[in-house]
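Reader: I am new to protein models. Please show me how to read one, feature by feature.

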Amino acid sequence: MDGWPIVGRDHELARMARRLVEPPASGSRRGALLVGPPGVGKTRLARELYRIVRRHRLGAVWATASRTAQHQSLGAFAAFARDGGETLDLLARLAAEISPGDRPTAVFVDDVHALDPMSALLVQTLARRPNTSLVLTARTPAPLPDVVVELWKDDVVERLDVAPLDEAGTGRLASAILERPLEAVAAHRLWERSRGNPLYITHIAKDWREALDAETAVAASDGAPLAAAGAPGAPRPGDDPTARTPFVPDPASPLPSELGALIEQTLVGLDDTSLEVLDAVSLLEPFPLAAIIEAVPDADIRLLDDLEARGVIEAAIDDPGRLITLRPAHPLFAEARRAAMGPLRAGRLRGRILDAVERTGVDLDVVARAMLSLQADGTSAPGDAGLLLEAAAAAFARLDLDLTARLATASAEQGGPIAATTLAAYALSLRSRSDEASALLSPLLDAPDPPVDALVVDAGNRYFVLGEPDAAIARTEAAFAAAAAEADRAELAAMLAWLHAFHANPGRALALADVAFDYPGRTDRATAFATVARVTALGCAGRSDGIEVVAEPGYVAARGGYDAAVLRTVLLDAHLLALHLAGRMREAAELADRVLAADRDAPPPFDGRLLNLTGRALVRSGRITEALATLTAAQASIGDDDRTGWSPLNLTDLTEAAALAGDLDRAARTLEQARAEWLPAFRYRRPQFERVAALVDAAAGRAAEAAAGAIAAAELARDQDAPGLALRALHDAVRHGAHGLGERIRDVADGLDGPRARLAPRHADAWDRGDAAELDELARAFEADGDLVSATDAAAQAAVHWAAAGRGGRAAASKLRVRGIEATTGRLHTIAIARASLGPNLSEREVEIAALIARGHSDREIAVRLGLSTRTVEAHAHRIYAKLGVEGRAQLRGLADGG
């Protein structure tokens, strides 16, 4: 496919173009052999070089070899071929005709691996012509003609292996085709799916583009607005496509039919046995080598070696020293073969594979074995209920919730235990399929003595997904009161504790958590639920000292069991909230990195939850640029159909990041989306939402409204008996410029733990008194705790008071601290920074340079960093010293440190 945008090849393209259009140095190589697998972009790169040569009005000739022309003498050069004459004379005449030698000429030969012998000799003859350069392309792993190999070995042409695109290049290519950025998680998935093959990327991205264009056309024909200003994907006047809202494709989008046909074409020439081997390894990845001969009786090791050499399959040692396995050489080979395979053939082949695995005694993964046992219609052979349930639990542990539901439902249909039904309902609920979960649970709940597992899953489904928190609590309270067995009471108490904590009933939550912990035989799930309740209630109450000790039993309980990752995530969410409210931002960021390391490779949409927690830790510590990228990726992965509450929580965090970054349009948009999606299940987080809403007012410069909104959020928190949340909101009000809050903040902070409880009262008093020195000291203290946003605002407020006192030098020093912190956070947009109006005495460039000097950078380092000359930096530095009244670098650093 000619014409896809060239990305990720700048270095190779520039280097080759210079070699073709500039006079060659004596003895230098005059061309290149571009080598790589099909679709990697060899021909595209050669075509671009051909155009460059033509633009420079130099000679350029294009020839293409092919399997068809391979049986014809001089088939690749048929347009030039002449009959008659001795071979050497004929080749010499043709070479002179193609490249006369009177001016530089580049000869491009595509697919030299398919050259007929005479064409190969002509290429060798052309290499000896004066003023002639060769650009050859060859497909791997196909063998090359000997004469082409000699050109490379004799250094006539340089061999360049054209590699697939990396992840960044994949995203850039797709974005160029879409004419809007491809969202980061989607770009990663596309890279894994395509392995960076530009041809495959182009087909997939063009399919997405066509679908987008069709949707736009339908909207236009219906008279609907195509896209409101600021809506996802909406172009803005003068806007560059790369600045638009990222495109998020459906992760389950099928392989484009045209690409499937193209891949099938690359497999032309494979016999039936070879295709059956590829089909088998497409249905079971990885496929144990020991079983392949049993599954495909006509195959042998020689055939497998040939398929590996031809790039159809690849072998690997999955368990070193024990198990050799086979896979399709490219993930899309498997996709194409599965798509082309009819259900009857797939079912028969799965059965043969399963039989082969059992006969050879290969230790096959339980999920793979269960999937093989399922027929194309989703049913399985009788007697597989136990296997299916075991596989469902394993799939849950891998966070593949859709597969969990399918396997567990199949187990229940085959007469599996009650646990199969509750597991299927649990997975469906987590995937926001609440009605299906309720339908599965209904017969169990209607029984005279409902199983406790069904009651617990039903409580979570009703509370979070169906949006019936009061009903969920009432039903579970009734079940708890009726439960006779101590183990059942502990399980139900733990679930109730969690629900009450989220429903802003901290006292009841802590009491029920104690009930659960009093039973020594409680399950890991009960321990985790009760721990979440304790950490949530204590965090909202501002009691964070020793919170890691309180959380530890939950983390231990979440190390085992199929739902360990889910429990870990919920507990981490509560733990981060407690640390953030207390002002322990650095500790929170370290905790997020440590806990999330175990689940880095989670599949969508669960990876969106992990990205949300990472992004939340980033935004609360003030690393706004990183937070925006991470939270945007999280929202794309969570998706539009989430009903579990992660979407509005992530949108709230995204609003906070956008507001602090000064992206008012985006902040307002995500705030309204979060408000529309907000679930009653998260009643305890409502003060946080209102606090973030006040940040949007602050980003718009509405100081009075921002302060009033933060104070209102604090009042809501106090009504919920959540002084930790109230303190956080009141501290925001001070940062927004509110005066007279010192007494109220001291009253709320009394008895609370953590840096915020110590520093927020001092912050309010210092702002009221106009104590700039104290504000500078507070900025240093906030920065030490990792609370960079509070540190920046305190320093900016110090600058305001220093300026009011006529202390221009000290005001400038405070502003330099702001700019220094922003080197980590990115440029922040807050009321305090706006009031300080950074740099009234210094130009924007001077403030930037002064901040770097204050951080100890030399003139040379600053010049390199800012793309300036050292002399320019020196001149700026002298002006800075004069304006600030200091004598040099040492005094400037002392000034920035508060000296």
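**Reading the model**

Author: Helices (H or I, at least four residues) and strands (E, at least two) are DSSP runs, numbered from the N terminus. This is a predicted model, in which local features need pLDDT of at least 70 and side-chain atom pairs count only at pLDDT 80 or more, while totals for chains, interfaces and linings use all residues. Residues are numbered from 1 along each chain as its sequence is written, and side-chain values use heavy atoms, with hydrogens and water left out.

Reader: Is His113 buried or exposed?

Author: Learn the cut-offs. Buried means under 20% relative accessible area, exposed means over 50%, and partly exposed is in between (1.4 Å probe, protein chains only). His113 has 17% relative accessibility, so it counts as buried.

Reader: Which residues does His113 touch?

Author: Contact means heavy atoms within 4.5 Å. Leave out residues up to four places away in sequence, and His113 touches Gln70, Ala138, Arg139, Ala142, Pro143, Leu144 and Pro145. With Arg139 there is a polar detail: a polar atom of the His113 side chain lies 3.0 Å from the backbone nitrogen of Arg139. A polar contact is a pair of N or O atoms within 3.5 Å; within protein, one must be able to donate a hydrogen and the other to accept it, and residues adjacent in sequence count only if both atoms are side-chain atoms.

Reader: Now helices. What describes a packed pair?

Author: Two numbers do it: the angle between the axes and the distance between the axes. Axes are lines fitted to C-alpha atoms, for helices over the stretch in contact, and angles run from 0 to 180 degrees between N-to-C directions. Take helix H4 (residues 117-127) and helix H5 (residues 146-153): their angle is about 25°, and their axes are 8 Å apart. That makes H4 roughly parallel to H5. Angles under 35 degrees count as roughly parallel, over 145 as roughly antiparallel, 65 to 115 as roughly perpendicular and the rest as oblique.

Reader: Which residues meet where H4 packs on H5?

Author: From H4 come Ala120, Leu121, Val123, Gln124 and Ala127; from H5 come Val147, Glu150 and Leu151. By class, this contact has six nonpolar, one polar and one charged residues. Here Ala, Val, Leu, Ile, Met, Phe, Trp, Tyr, Cys and Pro count as nonpolar, Asp, Glu, Lys and Arg as charged, and the others, Gly among them, as polar.

Reader: How many salt bridges does the structure hold?

Author: First the idea. Side chains of opposite charge can pair when their charged atoms come close. A salt bridge is a side-chain nitrogen of Lys or Arg within 4 Å of a carboxyl oxygen of Asp or Glu. The structure holds 58 of them. In one, the side chains of Arg19 and Glu158 meet at 2.9 Å, N to O. This pair links distant parts of the chain, 139 residues apart: Arg19 is in helix H1 (residues 10-21) and Glu158 in strand E5 (residues 158-161). Both residues, Arg19 and Glu158, are buried.

Reader: Which residue forms a salt bridge with Asp279?

Author: Arg337 does, with the closest N and O atoms 2.6 Å apart. Again distant parts of the chain are linked: Asp279 lies in helix H10 (residues 272-283), Arg337 in helix H13 (residues 331-340), 58 residues apart. Asp279 counts as buried because its relative accessibility is 1%. Arg337, at 12%, counts as buried too.

Reader: What about a pair inside one helix?

Author: An α-helix has 3.6 residues a turn, so residues three or four places apart point the same way. Glu690 and Arg686 form a salt bridge, their closest N and O atoms 3.1 Å apart. They are four residues apart in helix H32 (residues 686-699), so about one helical turn separates them. Glu690 is partly exposed, with a relative accessible area of 23%.
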